[in-house]
Amino acid sequence: ATDTEIEVAEDLLYATCMTLGTKNRGVKREGEGTHQRLAMLSDIRCNSVLLEVCFISNLNDAVKYKEKRDELVIILAEQLIRHVHS
């Protein structure tokens, strides 16, 4: 992961957790999570981040996501725009 990818991931994760009120489990680099390699993020020539918004198998997470989905989309878009223009 590049420094830029880590910075974007941390900002998106923070915004997601603050908006939904979910637990911040930290940014993980490829190979640190449950799945060791994610093909969709490999061998591409641009910055990439995979954001896990919530665990839908966790009823509390799913309810929070459903209640705040529209707010979350706007906040995440604002974060991405901020990174594009920085």
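The largest nonpolar core consists of six residues: Val8, Leu12, Ala15, Leu20, Leu72 and Leu76. Helices α1 and α2 each contribute at least two residues to this core, and α1 gives the largest share, with four. The model described here is predicted.

Setting aside residues up to four places away in sequence, valine 8 touches Val49, Leu80 and His83.

Side chains of opposite charge can pair when their charged atoms come close. The structure has one salt bridge, formed between the side chains of aspartate 11 and arginine 82, with an N to O distance of 2.5 Å. Aspartate 11 lies in helix α1 and arginine 82 in helix α2, so that the pair links distant parts of the chain, 71 residues apart. How accessible are aspartate 11 and arginine 82? Aspartate 11 counts as partly exposed because its relative accessibility is 22%, and the cut-off for buried is under 20%. Arginine 82 is likewise partly exposed, at 41% relative accessibility, since exposed requires over 50%.

Between the helices comes a loop. Threonine 22 is found there, in the stretch between α1 (3-20) and α2 (59-84). Is threonine 22 buried or exposed? Threonine 22 is buried, because its relative accessible area is 12% and buried means under 20%. Apart from neighbours within four places in sequence, threonine 22 is in contact with Thr16, Cys17, Asp61 and Lys64.

Methods:
Residues are numbered from 1 along each chain as its sequence is written. This is a predicted model: local features need pLDDT of at least 70, side-chain atom pairs count only at pLDDT 80 or more; totals for chains, interfaces and linings use all residues. Side-chain values use heavy atoms; hydrogens and water are left out. Buried means under 20% relative accessible area, exposed over 50%, partly exposed in between (1.4 Å probe, protein chains only). Contact means heavy atoms within 4.5 Å. A nonpolar core is a set of buried Ala, Val, Leu, Ile, Met, Phe, Trp, Tyr and Cys residues joined through side-chain atoms within 4.5 Å. A salt bridge is a side-chain nitrogen of Lys or Arg within 4 Å of a carboxyl oxygen of Asp or Glu.
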